[in-house]
Amino acid sequence: MGTAEPRPADRRLRLVSAQADVQPVPAPASDEELLRAFHRGERGIGLRLYEHLLPVVDRTLYRILGCREQDHADLVQGAFEQIVSTLAKRRFAGECSLAGWASVIACHIGLSALRARRRERKVIDRAPGPSEETGAAPEPPAQSADPERAVSAQRDLEALRRHLAAMDGDRATALLLHAMGYSINEIAHLTGVSEAAAQSRLSRGRRELKARCEPDAAARRDPDRPEEPR
């Protein structure tokens with residue numbers, strides 16, 4: 001004889017029993033909770049801050065540098081050292097989110113790294129290898145049916161990063177934050193200036209970047225034109 005099929009009521013009972021064993025997932029801690037825990041010196045708060053802010057720090061550095069080279073872990077650590085130092089000295093006013101503040105610090109770290117690589121004449125030309133820490137590869141080229149267009153787009157990105165490294169730091173930061181989707185009001189809060197000053201930095205940054213990019217555009221129109229000195 002075959003085994004009798006369980007009755008529908010049995011299935012419902014088993015389902016309820018299984019669901020009762022599932023533990024609810026705790027909600028992510030708010031910025032206020034993390035700050036209170038930090039200033040109280042709670043155990044494990046360093047790890048909680050790291051897990052909370054790592055995505056934005058890593059993403060910001062990646063967008064600025066275009067790849068994760070062997071020093072990527074050092075740059076992330078440098079950003080977190082500044083974040084912790086800022087919080088310990090109570091210089092974070094809370095007028096913006098912790099993630100936003102972390103992105104500003106990561107912007108400064110990334111721009112400093114770009115300038116250092118530019119001074120070493122290794123900004124983009126050096127071949128980045130996979131990170132030993134993360135195993136991450138360099139920024140992949142955009143998928144395109146036109147290889148020449150893909151190569152041209154990659155060169156434009158490299159030139160853009162080179163120009164950002166040579167620009168005024170405040171203007172470059174405003175440009176980067178705006179490119180990441182922050183509004184003028186948010187940029188003002190993140191960088192500790194008035195909205196008028198933030199708008200001025202952004203407008204001047206756009207003009208400066210345009211002026212720096214014009215020789216590149218002229219060289220593309222006239223390939224025989226000598227390249228501008230860097």
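Leaving out neighbours within four places in sequence, Leu87 is in contact with Leu35, Phe38, His39, Leu49, Phe92 and Leu98. The model is predicted.

**Core**

Leu87 belongs to the largest nonpolar core, which has 47 residues. Leu49, Val57, Ile83, Leu87 and Leu98 touch the most other members of this core. Eight helices are on the list of elements that give the core two or more residues: α2 (31–40), α3 (45–65), α4 (72–88), α5 (98–119), α6 (147–166), α7 (169–179), α8 (184–191) and α9 (195–221). The largest share, 10 residues, comes from α5. In soluble globular proteins, nonpolar side chains tend to be buried together.

**Overall fold**

The protein chain has 9 helices and 0 strands. Along the sequence the pattern reads α-α-α-α-α-α-α-α-α. Of the 230 residues in the chain, 32% are buried. Take the contacts between residues at least 6 apart in sequence: 67% of them join residues at least 24 apart. The accessible surface of the chain is about 15000 Å². Carbon and sulfur atoms account for 51% of that surface.

**Thr60 and the cysteines**

Thr60 sits in helix α3. Is Thr60 buried or exposed? Thr60 is buried, because its relative accessibility is 2%, and the cut-off for buried is under 20%. A polar atom of the Thr60 side chain lies 2.7 Å from the backbone oxygen of Val56. Beyond its neighbours within four places in sequence, Thr60 is in contact with Ser103, Ala106, Cys107 and Met180.

Cys107, one of those partners, is itself buried. Cys96 is buried too. The structure holds 0 disulfides.

| Residue | Relative accessible area |
|---|---|
| Thr60 | 2% |
| Cys96 | 18% |
| Cys107 | 0% |

**Helix α7**

Helix α7 has a buried run: Ala172, Thr173, Ala174, Leu175, Leu176 and Leu177. At the start of α7, a side-chain oxygen of Asp168 comes to within 3.2 Å of the backbone nitrogen of Asp170. Just after the helix, Gly181 adopts a positive phi of about 105 degrees. Helix α7 is also among the elements that give two or more residues to the core.

Terms used:
Residues are numbered from 1 along each chain as its sequence is written. This is a predicted model: local features need pLDDT of at least 70, side-chain atom pairs count only at pLDDT 80 or more; totals for chains, interfaces and linings use all residues. Side-chain values use heavy atoms; hydrogens and water are left out. A nonpolar core is a set of buried Ala, Val, Leu, Ile, Met, Phe, Trp, Tyr and Cys residues joined through side-chain atoms within 4.5 Å. Buried means under 20% relative accessible area, exposed over 50%, partly exposed in between (1.4 Å probe, protein chains only). Helices (H or I, at least four residues) and strands (E, at least two) are DSSP runs, numbered from the N terminus. Contact means heavy atoms within 4.5 Å. A disulfide is a pair of cysteine sulfur atoms within 2.5 Å. A polar contact is a pair of N or O atoms within 3.5 Å; within protein, one must be able to donate a hydrogen and the other to accept it, and residues adjacent in sequence count only if both atoms are side-chain atoms. Accessible areas come from the Shrake-Rupley method with a 1.4 Å probe; for residues, only the protein chains shown count as cover.
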